[in-house]
Amino acid sequence: MSENPDLTNERASGTFETNAMAAVIYGSEKFAQRRREITEAISKIPEFQDSHPLVFMSREEKISEACRKLAVLSNYWNSLIDTSDEEEALHLYREVLGLEGHPLALHETMFIPSLIAQASDEQQEKWLGRAQRREIIGCYAQTEMGHGTNLRALETTATFDISTREFILNSPTITSLKWWPGALGKSANWSIVIANLIIKEHNYGPHPFMVQLRDEKSHEPLPGITVGDIGPKMAFNGADNGFLGFKNYRIPRENMLMRHSKVTSDGSYIKPPHAKIGYSSMVKVRSRMAMDQGLFLASALVIAVRYSAVRRQGYLEDKSREVKVLDYQTQQHRLFPSIARAYAFIFCGFETIRLYDQLLIDVQNGNTSGMADLHALTSGLKSVVTYQTGEGIEQARMACGGHGYSMASYISEIYGVAIGGCTYEGENMVMLLQLARYLVKSIEMIQNGKSRELGPMVAYLAENESEIDLNLGPNEYLKVFEYAARNQTWRATEKFQKLRNSGMSNEEAWNQASVELTRASRLHTRLYIMSTFINHVGSIVDQKVKGVLIDLLNVHVTYEVMDIGIYVQGLLSSNQMDLIRNQLYVSLETIRPNAVSLVDSFQISDMQLRSVLGRRDGNVYENLFKWAKSSPLNKTDVLPSVTQYLKPMMEKSKL
Ligand SMILES: CCCCCCC/C=C/C(=O)SCCNC(=O)CCNC(=O)[C@H](O)C(C)(C)COP(=O)(O)OP(=O)(O)OC[C@H]1O[C@@H](n2cnc3c(N)ncnc32)[C@H](O)[C@@H]1OP(=O)(O)O
Ligand SMILES: Cc1cc2nc3c(=O)[nH]c(=O)nc-3n(C[C@H](O)[C@H](O)[C@H](O)COP(=O)(O)OP(=O)(O)OC[C@H]3O[C@@H](n4cnc5c(N)ncnc54)[C@H](O)[C@@H]3O)c2cc1C
């Protein structure tokens with residue numbers, strides 16, 4: 001079937017090459033090209049197609065379907081991708097497995113990275129190759145039923161038995177059961193388990209251990225291990241998140257991951273070079289989250305923007321034909337700032353992935369000085385990005401009207417998976433407060449005359465307010481944001497200090513200032529996102545692409561400043577606010593002809609999108625009907641439940 005002419009016209013009105021834009025989005029022409037090649041190669045392998053739409057499947061069917069595809073995938077790894085390239089591998093996973101989870105999700109994102117960051121060279125020799133060849137399937141078991149946030153209260157113990165040189169793992173209470181780890185329930189046969197290290201009755205706190213859970217031949221749980229699936233979730237039901245308990249389960253001393261902390265055979269403990277080095281697997285995932293969430297948001301926007309260009313409803317001036325809903329200003333205001341955010345998140349994502357890779361090298365060389373900075377940055381970023389992604393996806397759903405609520409849009413599944421990110425890898429409020437600790441410390445440095453020692457990301461906290469030029473451009477908007485973040489960070493810190501100085505305990509003063517502190521963290525993070533966006537656009541060479549991204553940047557900066565209006569009342573007059581508001585409306589109009597091309601540039605295939613509304617060819621209505629007809633409920637005209645219950649009920653009513 002040919003392309004819907006409404007989409008053809010939209011694509012013709014684009015002022016740039018989508019391949020050139022994809023090269024900017026994905027960091028290089030080479031990677032953008034590789035993505036296309038991988039997608040093309042996959043489309044020619046019929047076994048990678050869903051056997052029927054995932055949305056009509058039960059959980060068991062979804063998990064089985066994911067396993068079937070993983071088995072097929074194992075025949076193609078080396079021919080489809082450069083297996084040493086993490087981004088290629090993740091693209092392959094997204095294309096083939098989609099976003100509902102699968103048994104290798106944690107293997108790639110946490111199990112292997114934990115081995116790389118935490119295992120000694122000898123341990124890597126023993127396990128890393130096996131993991132990378134997928135001879136074993138691993139997961140990351142940290143969270144317990146009773147504690148996820150407060151790691152110091154985890155209850156699982158690993159007690160060193162000097163006589164046998166083994167650790168004995170135990171789950172002493174119900175609340176100490178590991179609860180939530182992805183792929184633990186039914187798939188993984190090994191796990192990195194975080195347990196309190198106990199030597200001679202001294203608790204050294206949480207440490208990582210390599211633990212075999214299931215027999216490698218029979219896949220049965222090993223004696224001393226209780227393991228299973230935690231049941232259905234809001235989304236992500238292709239994954240078997242699990243529970244795990246230990247009863248006097250023994251592992252060799254060599255199974256404690258010992259790149260940094262060590263226990264010698266006589267039971268001596270050797271401290272790591274940094275107290276939080278064991279938390280690196282979480283920092284790794286957090287450093288990927290701006291990218292991953294940017295892609296979730298992008299997926300929802302591809303669907304909503306394409307659909308809005310083929311959906312016609314109501315009239316503007318021309319009464320002879322209904323208008324595309326994308327032409328309504330409200331629809332543009334709903335969608336375009338999110339397009340800008342998706343671009344901004346992906347740009348930030350590449351930056352934080354690079355920072356993590358650098359930190360990993362530094363730490364392996366004994367330099368842990370960058371850990372606090374990256375922890376603070378990624379804590380704030382994961383929180384802001386997941387929240388705004390959730391908001392943006394929900395707006396995209398509403399922008400699709402009634403059909404957005406149907407699973408045919410697939411937006412609800414994207415939403416359900418994406419907002420899991422507000423919780424996993426540290427609940428958002430908690431992580432905002434981690435960043436706040438760093439911001440408060442920065443203010444204290446300024447108060448103590450140490451402004452010069454501030455890192456580049458917080459140097460603005462020591463600057464004085466400047467007047468804002470009425471001729472507002474991106475760099476002036478950045479100053480507006482700096483003003484807001486600086487002001488809020490000072491106010492929140494001063495509130496905390498005042499409470500503490502009044503005699504309150506440190507903890508209570510912190511608690512009573514915490515809402516203000518989280519506000520400071522959000523503003524600081526949004527400032528970082530904006531500044532990364534501005535710098536990125538500044539570095540683009542292709543002038544057509546750059547021109548459009550400047551337009552998109554204008555949408556971003558004006559929308560963001562309007563959104564934080566309450567924090568800049570002391571800086572901007574109401575005239576200036578009106579000016580910015582009007583600039584935003586002009587920017588929406590400017591970006592309108594490029595809207596479809598901007599979302600096309602994410603180059604997310606129909607196979608990955610799984611959305612009837614978001615089809616690249618725009619042939620929505622005929623496929624919506626086809627999709628509904630394929631619903632299992634439509635296999636028969638009269639359901640057994642009608643025969644069994646409704647008919648007798650109606651018959652009875654007739655008497
Ligand atoms: C596409 C779908 C894929 C789905 C995949 C989903 C996978 C999900 C996996 C998971 O969720 S795994 C489990 C993740 N769990 C968490 O993230 C737990 C969150 N909690 C924590 O990270 C910590 O407990 C805490 C909140 C950071 C607090 O830790 P702790 O009590 O030990 O420390 P504090 O006293 O609060 O702080 C002390 C000090 O340490 C600094 N710090 C904390 N973490 C780090 C770190 N990672 N790196 C460097 N420094 C760190 C912290 O800033 C404090 O510094 P000072 O202020 O004292 O200088
Ligand atoms: C989809 C998904 C996948 C997951 N995968 C894994 C996995 O593979 N491995 C794994 O180990 N775990 C996993 N988890 C668990 C996840 O990491 C935890 O649920 C998460 O860290 C939050 O911890 P919690 O559940 O204890 O929340 P809680 O800490 O109980 O949060 C409840 C509320 O208390 C508030 N709160 C808690 N502490 C504070 C504080 N100090 N200050 C202010 N407010 C506070 C929170 O803000 C929140 O509002 C997964 C979770 C999900 C949803």
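The bend at a residue is the angle between axes fitted to the seven residues ending there and the seven starting there. Helices (H or I, at least four residues) and strands (E, at least two) are DSSP runs, numbered from the N terminus. This is a predicted model, in which local features need pLDDT of at least 70 and side-chain atom pairs count only at pLDDT 80 or more, while totals for chains, interfaces and linings use all residues. Residues are numbered from 1 along each chain as its sequence is written, and chains are lettered from A and ligands numbered from 1 in the order in which they are written.

**View 1. Helix α9 bends at M289.** The bend there is about 40 degrees. Spanning residues 280-310, α9 reaches 46 Å from its first C-alpha to its last, close to the 45 Å expected (1.5 Å times one less than its number of residues). Of its 31 residues, 31 are buried, with 20 or more other C-beta atoms, placed from the backbone, within 10 Å of their own.

**View 2. An open sheet has the order β4-β8-β7.** Its pairing is antiparallel; two strands pair if DSSP finds at least two bridges between them. Here 5 bridges join β7 to β8 (residues 242-246), and I225 stands opposite F246 in β8.

**View 3. Meet the shell of 26 residues around ligand 1.** Each has its C-beta atom, placed from the backbone, within 6 Å of the ligand, and the closest are L151, Y279, H375, Y424 and G426. Helix α9 gives the most to this shell, with 4 residues.

Note on methods: Buried ≥ 20, exposed ≤ 12 C-beta atoms within 10 Å, placed from the backbone.
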